[in-house]
Amino acid sequence: MKKVLIMSSVHPWNDTRVFHKEAVSLANLGYDVTLYATSSNHVYENNIPNLRVITFTPKSMMKRWQIWFKFYSIASQSDAQIIHLHDPELLPLGYFLQRMHRKKVIFDMHEDFPAVLKTKKIGKLSMPKWLIRIIYSAEKKMLQNMSAVVYAEKYYKENYEVLTTKQVDIYNYPFLQEAFEIAKYEMPTLIYAGAIHEIRGFKEMLAVAQLLKKANYQFQLLIIGKVPERLEVYAEEFLIEDDLVNEVKLVGRLDLRELTTYYARSHIGLALLHPEANYLRSLPTKVFEYMSASLPYVLSNFKSYERLAEETKSGYAVNPLSPNEIVAQIKMLLDEPKKQMELGSNGYKQHVANFNWSIEERKLSELYDEI
């Protein structure tokens, strides 16, 4: 049985892409898989054949070098044929494992790295352009020495046209879902699930709740994900001041199975990302998850997002920085349950036909077979 090591110094072990999709799929395909990743509020039950999970306590960026050296030691001494890496900071490990130890290394690119670099700061100062150029050049050199590069978004490869390395698009589409028969919440429910940050629309979602309550709408807003301490303090003060404690619930991080149930019981999904360079062309995974649960959605009006909503007729695009515009669209959906159902049904049909993990799993299998 061929052995595979999957490594991430950043993602929790039960990350949807890293664990539920790629690690589980590879184990089901007959590979002997060991996943190294950070611990979370869930514990792996060792219930999947061929799949082991080894976790460590998350560390700050200043201390993560300890994990890098540990990973390098483990991977270089392992008899695993393939090393699958998930973080840009692990690229140097992949480079040396490939060049010095003749390992087969796959690098899995989750984000638009050049765009992210432009937003990074050193202290309070933006990263200088000369340093960005050096890092970007080094990244391309290391990627050229990988056995394969996997892109979570189609357009990422536009940044790497010079590479001759094997390149494959494997998208973050959700698992193929049967139509849900679970009862919806009695209270009209808005839902967001994912990373929580100002630039992911956290404050706008709270402002939307404020406006809906002022307009005398009955609703609840579920925000699912780990809330940074600064935003937790902000939310607590905001909800008390505006009497929204009963309407807005910060649920915390959920495992995929729990999250799927929340989706099924909700009415409208939200994806109000700000116009940051890394988001403008990168379609949010949560929108495809909403579609898999027959949820209509309201998302940011970036060109690629608008195109998806229009072509699938499954949601609406709005200015993510305008709570008033967001609320106007949500009100329309709340006032027209039949429209909710129509958009949700359209999205689910697209999920079954085009946007599900079984399609991507075949590409993952073919890549591993080739390597």
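A polar contact is a pair of N or O atoms within 3.5 Å; within protein, one must be able to donate a hydrogen and the other to accept it, and residues adjacent in sequence count only if both atoms are side-chain atoms. In this predicted model, local features need pLDDT of at least 70, side-chain atom pairs count only at pLDDT 80 or more, and totals for chains, interfaces and linings use all residues. Residues are numbered from 1 along each chain as its sequence is written, and side-chain values use heavy atoms, with hydrogens and water left out.

Domain bounds come from an automatic or database domain assignment. That assignment gives domain 1 (3-173 + 356-370) and domain 2 (189-355). Their centres, taken over C-alpha atoms, are 29 Å apart. In the contact (heavy atoms within 4.5 Å), domain 1 takes part with 21 residues and domain 2 with 18 residues.

Buried area is the accessible area (1.4 Å probe) that two parts lose on being put together, summed over both. Carbon and sulfur atoms give 47% of the area buried between the domains. Of the area that domain 1 buries against domain 2, Tyr-155, Tyr-173 and Asn-356 supply 30%, more than any other three residues.

| Between domain 1 and domain 2 | Value |
|---|---|
| Buried area | about 1600 Å² |
| Polar contacts | 11 residue pairs (both at pLDDT 80 or more) |
| Salt bridges | one salt bridge |

A salt bridge is a side-chain nitrogen of Lys or Arg within 4 Å of a carboxyl oxygen of Asp or Glu. Arg-281 and Glu-158 form a salt bridge through their side chains, at 2.9 Å from N to O.
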